[in-house]
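Q: I have a model open and would like to learn how to read its features one at a time. Could you walk me through them?

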Amino acid sequence: MNDLQNQLFETVRQRAQNPKRWIDEVAEVLCKSKHAIYKKIQGEVCLSFDEVVTLATHYHLHLDPLIRPGTVLSFEFPFQNNSYHYTEYLANIHAQIEMARSLPEVRIWHTGIELPFIHDHLFPDLVAFKFFIHSQTIWADKVREHTRFDLGESRKDARLSKLLKEILRAYYKFPTIEIWNSMILDITLSQIRYALQSRMLVRPEDALLLCEALEGFITHMELMAEHGHKLIPGESPGAEFE
């Protein structure tokens with residue numbers, strides 16, 4: 001039971017608004033003192049069923065993968081959710097990847113018509129732009145008028161860069177086989193062109209910077225394909241990559 005409770009608290013910590021003060025946050029959510037929460041974290045006291053449900057509801061947790069590891073591995077897609085933020089989306093992906101590490105001999109197969117999964121995390125400019133586009137089209141009940149993308153401001157978001165690197169390092173521990181097609185760049189190029197033509201960019205020249213980031217992404221993918229391993233610049237080679 002303690003192992004399960006530890007997994008639950010670790011997932012909560014990853015999803016907390018402020019990871020450095022997550023215990024205070026949990027204490028507030030459960031209406032308990034910090035001392036009481038510490039005793040539960042240390043395994044001296046078990047969470048009650050009501051407390052588990054409260055945490056699961058507040059942090060949008062799926063309990064089934066914790067109870068039956070290896071049977072379910074899913075990703076949430078925040079369709080038409082105005083309150084959804086990139087930190088929740090990335091925290092969910094990170095939690096699921098960490099959960100996959102408990103499975104034996106994991107190998108990931110990926111195919112699609114978008115940029116290959118997670119590799120763009122090396123290029124925060126692309127990720128920030130993608131979040132902006134999704135917030136304008138997919139993650140909102142209606143397009144948010146008068147909202148524009150500021151690449152300069154997005155580069156100041158240190159938390160985004162940290163989350164992206166953490167997920168990338170975790171994902172690069174899994175051997176992966178990817179099936180590419182000639183369309184994988186089309187969606188992103190169309191989004192950049194759309195943002196430029198619709199005057200969504202604070203600085204039109206940012207469209208060129210996004211294209212340069214996309215070119216860097218392509219070059220890195222080619223490098224990994226040639227070496228047969230996932231690579232993070234300046235770090236040791238990761239898992240096999242085909």
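A: Start with the order of the elements: from the N terminus on, they run α-α-α-α-α-α-β-α-α-α-β-α-α. That gives 11 helices and two strands in the chain. Please keep in mind that this is a predicted model.

Q: How much of the chain is buried?

A: Of the 242 residues in the chain, 41% are buried. Among contacts with a separation of 6 or more, 71% join residues 24 or more positions apart.

Q: Which residues have the most contacts inside the largest nonpolar core?

A: They are L90, I97 and F129, in a core of 42 residues. Several elements give two or more residues to this core: α6 (86-100), α7 (124-137), α9 (158-171), α10 (186-197) and α11 (206-227). Apart from this core lies another one, of 17 residues, which includes V12, W22, V29 and I37.

Q: What does L90 touch, leaving aside its neighbours within four places in sequence?

A: L90 is in contact with H121, F131, L160, L163, L164 and I167.

Q: How should I read the pattern of buried residues in α10?

A: The general idea comes from helix geometry: an α-helix has 3.6 residues a turn, so residues three or four places apart point the same way. Now the case here: T188, Q191, I192 and A195 of α10 are buried. They cover an arc of only 100 degrees around the axis, so they lie on the same side of α10. This helix has 12 residues and reaches 16 Å from its first C-alpha to its last, close to the 16 Å expected at 1.5 Å a residue.

Q: How do I describe the way α10 and α11 pack?

A: Two packed helices are described by the angle between their axes and the distance between the axes. For α10 and α11, the angle is about 170 degrees and the axes are 10 Å apart. That makes α10 roughly antiparallel to α11. In this pairing, T188, L189, I192 and L196 of α10 meet A207, L210, C211 and L214 of α11.

Q: At what angle do the axes of α2 and α3 cross?

A: Helix α2 (residues 22-30) and helix α3 (residues 34-41) cross at roughly 105 degrees, and their axes come within 9 Å. The two helices are therefore roughly perpendicular to each other. On the α2 side the contact is made by W22, I23, D24, V26, A27 and L30, and on the α3 side by K34, I37, Y38 and I41.

Q: Is K34 buried, exposed or partly exposed, and which residues does K34 touch?

A: K34, in helix α3, counts as partly exposed at 37% relative accessibility. Not counting residues up to four places away in sequence, K34 touches D24 and A27. The C-alpha atoms of K34 and I23 are separated by 6.8 Å, though the two residues are 11 residues apart along the chain.

Q: What about S154, buried or exposed?

A: S154 belongs to helix α8 (residues 151-154). With a relative accessible area of 17%, S154 is buried. Leaving aside its neighbours within four places in sequence, S154 is in contact with A128 and F149.

Q: Where should I look for backbone angles that stand out?

A: As background, most residues other than glycine have a negative phi. C31 has a positive phi, near 55 degrees. C31 is placed in the loop between α2 and α3, and is exposed, with a relative accessible area of 69%. E105 also has a positive phi, near 50 degrees. E105 is found in the loop between α6 and β1 (108-111), and is exposed at a relative accessible area of 79%.

Note on methods:
Residues are numbered from 1 along each chain as its sequence is written. This is a predicted model: local features need pLDDT of at least 70, side-chain atom pairs count only at pLDDT 80 or more; totals for chains, interfaces and linings use all residues. Side-chain values use heavy atoms; hydrogens and water are left out. A nonpolar core is a set of buried Ala, Val, Leu, Ile, Met, Phe, Trp, Tyr and Cys residues joined through side-chain atoms within 4.5 Å. Buried means under 20% relative accessible area, exposed over 50%, partly exposed in between (1.4 Å probe, protein chains only). Helices (H or I, at least four residues) and strands (E, at least two) are DSSP runs, numbered from the N terminus. Contact means heavy atoms within 4.5 Å. The expected span of a helix is 1.5 Å times one less than its number of residues. The arc is that of the directions from the helix axis to the C-beta atoms. Axes are lines fitted to C-alpha atoms, for helices over the stretch in contact, and angles run from 0 to 180 degrees between N-to-C directions. Angles under 35 degrees count as roughly parallel, over 145 as roughly antiparallel, 65 to 115 as roughly perpendicular and the rest as oblique.
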